[in-house]
Amino acid sequence: MKLKKVMAVAMAATMVVSLAGCGSKADAPAADGDTATEAGDAETEDTADDAGTEDAAADGLISYSDLKLGEDLTDLTATITLFNHRTDLQNADMPNKQWDEYLADFNQMYPNITVEVTTDTDYAESALLRLQGGDWGDIMMIPAVDAADLSTYFLSYGDLETLQNEVRFADQWSYDGQVYGIPSTGTAQGVVYNKKVFEEAGVTELPKTPDEFIAALKAIKDKFGDEVVPLYTNYAAGWTMGAWDAYIGGTATGDPAFQNQKMLHMSNPFADQGNGAGVYNVYKILYDAVAQGLTEDDYTTTDWEGCKGMINSGKIGCMVLGSWAFPQMRDAGENGDDIGYFSFPITVDGKQYASAGPDYNFGINVNADETNQQASLIFVKWMTEKSGFSYNEGGLPISLSDNNYPDVYSAFDGIEMVANEPSVAGEEDLLNNLNADSELNFNAGGDAKVQAIIEHAANGDMSYDDIIAEWNQKWTDAQATEGVEITE
């Protein structure tokens with residue numbers, strides 16, 4: 001891994017992306033969305049383990065594609081470990097299905113495979129340290145490593161050409177035609193809200209544009225005063241700020257090639273396009289809401305765990321988070337029926353889009369012994385096809401044979417979901433490089449830049465246009481450093 005990537009991680013502290021986010025992320029990770037950034041030791045060899053460049057079948061294992069659950073290897077005996085961010089799935093007080101319940105179900109099919117689950121409330125930083133030390137076990141949720149380094153750490157599940165016909169979002173953690181990650185679930189990006197608060201404030205139609213959204217927040221403020229926070233920022237958690245990055249691709253542009261391809265070659269990609277869409281308007285919503293007093297009084301005192309009960313009880317109007325957050329807010333109190341989810345308020349040429357993509361991906365340790373690798377492959381495929389995990393978590397199903405979508409997406413009728421296309425061949429690491437050079441870290445733990453928006457809006461010491469001008473200059477400088485040709 002390149003030294004500047006390690007430095008970028010150190011500066012970000014908890015590089016959490018996620019398009020998608022996770023259960024108790026602050027507690028946790030976020031995907032394109034919401035994913036913790038990891039790095040290998042800058043001093044270690046950059047040579048990939050030979051085993052990592054081959055698929056599982058080539059290593060003498062039954063591959064992901066060939067594995068028949070409930071038929072193959074039902075007598076396999078192994079003890080494997082899973083390191084992940086879902087601390088809420090180890091909390092008996094939480095209403096969602098817990099890890100021990102999933103494992104009990106798994107053991108009905110594979111009784112001799114023991115899965116030991118370890119979670120961490122600061123997964124992003126802890127995963128980085130474990131990845132560097134090599135002591136992370138058999139399965140982990142893949143952090144944002146450089147694509148070229150995937151085979152150094154993780155076993156290939158098989159070739160992309162095959163797997164993209166079996167699982168959704170198979171290309172997120174692929175490199176050189178091999179797939180190194182299977183998504184735990186998929187998410188769409190929108191806004192979680194309290195339907196009763198919106199209705200009592202007179203907001204009868206869900207906002208579709210930035211202006212309509214700000215007007216809805218003002219209506220809540222006018223109706224409830226200080227009793228309800230119209231938009232809760234979750235500033236203090238840090239990783240929650242990176243969730244805003246998930247909207248800059250398909251949601252803001254309707255273009256699946258924008259984020260990983262076009263933005264890399266654009267001149268001033270964050271500038272105002274004058275049409276109410278684009279990257280500019282994603283973050284402007286946040287700046288305007290803070291500047292106009294439509295968020296919490298003191299952003300430094302926000303409470304991630306506490307906000308769940310607050311929105312459930314009607315003390316918060318809405319929060320900008322991936323769909324993974326919906327079940328947590330719904331189940332945090334007695335008013336679950338009041339919690340809803342709608343598409344982020346940007347309209348592109350009269351149509352709304354919603355970015356969709358994977359949450360954290362399961363990665364299998366390339367250096368684990370063959371028995372544990374096989375057991376890990378079995379568990380990951382069971383989680384994907386048999387566990388019901390995606391549905392239980394309000395997510396998009398990962399298996400392409402499953403079209404069982406949860407009720408969270410009931411307000412997405414007529415809204416086109418857009419999955420970001422991967423980088424073009426030869427540019428797999430370019431976004432990472434531009435992120436590191438510019439220190440903007442879009443969808444790579446860029447919470448610091450979003451926190452700065454809140455700080456400047458609250459203090460009134462920097463205009464939004466000045467912030468964007470600074471971003472554009474940093475991006476331009478990074479493009480020059482990387483020798484990027486400007487084509488847009």
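Two strands count as paired if DSSP finds at least two bridges between them. Strands (E, at least two residues) and helices (H or I, at least four) are DSSP runs, numbered from the N terminus.

This is a predicted model, in which local features need pLDDT of at least 70, side-chain atom pairs count only at pLDDT 80 or more, and totals for chains, interfaces and linings use all residues. Residues are numbered from 1 along each chain as its sequence is written, and side-chain values use heavy atoms, with hydrogens and water left out.

**Strands**

Two bridges link β6 to strand β8 (residues 178-179) in the antiparallel sense. Asp159 stands opposite Gln178 in β8.

Strand β15 (residues 361-364) is covered on both faces. Asn361 and Gly363 are buried on one side, Phe362 and Ile364 on the other. Buried means under 20% relative accessible area, exposed means over 50%, and partly exposed lies in between (1.4 Å probe, protein chains only). Strand β5 (residues 139-141) runs antiparallel to β15 and is joined to it by three bridges. Met141 has Phe362 of β15 as its bridge partner. Strand β9 (residues 182-183) is also antiparallel to β15, with two bridges. Here Pro183 stands opposite Asn361.

**Helix α17**

Helix α17 covers residues 464-482. Its expected span is 1.5 Å times one less than its number of residues. For 19 residues that gives 27 Å, and the end C-alpha atoms are 27 Å apart, which agrees. Which residues of α17 are buried? They are Tyr464, Ile467, Ile468, Trp471, Asn472, Trp475, Ala478 and Gln479. These residues cover an arc of only 135 degrees around the axis, which puts them on the same side of α17. The arc is taken from the directions from the helix axis to the C-beta atoms. On the other side, Ala480 and Thr481 are exposed. The cover over the buried residues includes α10 (278-291), α15 (430-438) and α16 (447-459). Contact here means heavy atoms within 4.5 Å. Just after the helix, Gly483 has a positive phi of about 70 degrees.

**Aromatic rings**

Rings of Phe, Tyr and Trp (its six-membered ring) pair if their centres lie within 6.5 Å; planes under 30 degrees apart are stacked, over 60 edge-to-face, and the rest tilted. The whole structure holds 32 aromatic pairs. Two of them are set out below.

| Pair | Centre to centre | Angle between planes | Type |
|---|---|---|---|
| Phe106 and Phe379 | 5.1 Å | 85 degrees | edge-to-face |
| Phe442 and Trp475 | 5.8 Å | 80 degrees | edge-to-face |

Phe106 lies in helix α2 (residues 99-109) and Phe379 in helix α13 (residues 370-385), so their pair ties together parts 273 residues apart in sequence. Phe106 is buried, at 0% relative accessibility. Phe379 is buried too, at 0%.

Phe442 lies in the loop between α15 and α16, and Trp475 in helix α17, so this pair ties together parts 33 residues apart in sequence. Phe442 is buried at 2% relative accessibility, and Trp475 at 0%. Phe270, Tyr283, Phe442, Trp471 and Trp475 form one aromatic cluster.

Phe442 also has a charge over its ring: the charged end of Lys449 sits 4.4 Å from the ring centre. Such a charge is NZ of Lys or CZ of Arg within 6 Å of the ring centre and within 35 degrees of the ring normal. Likewise, the charged end of Arg130 sits over the ring of Phe83, 4.0 Å from its centre.
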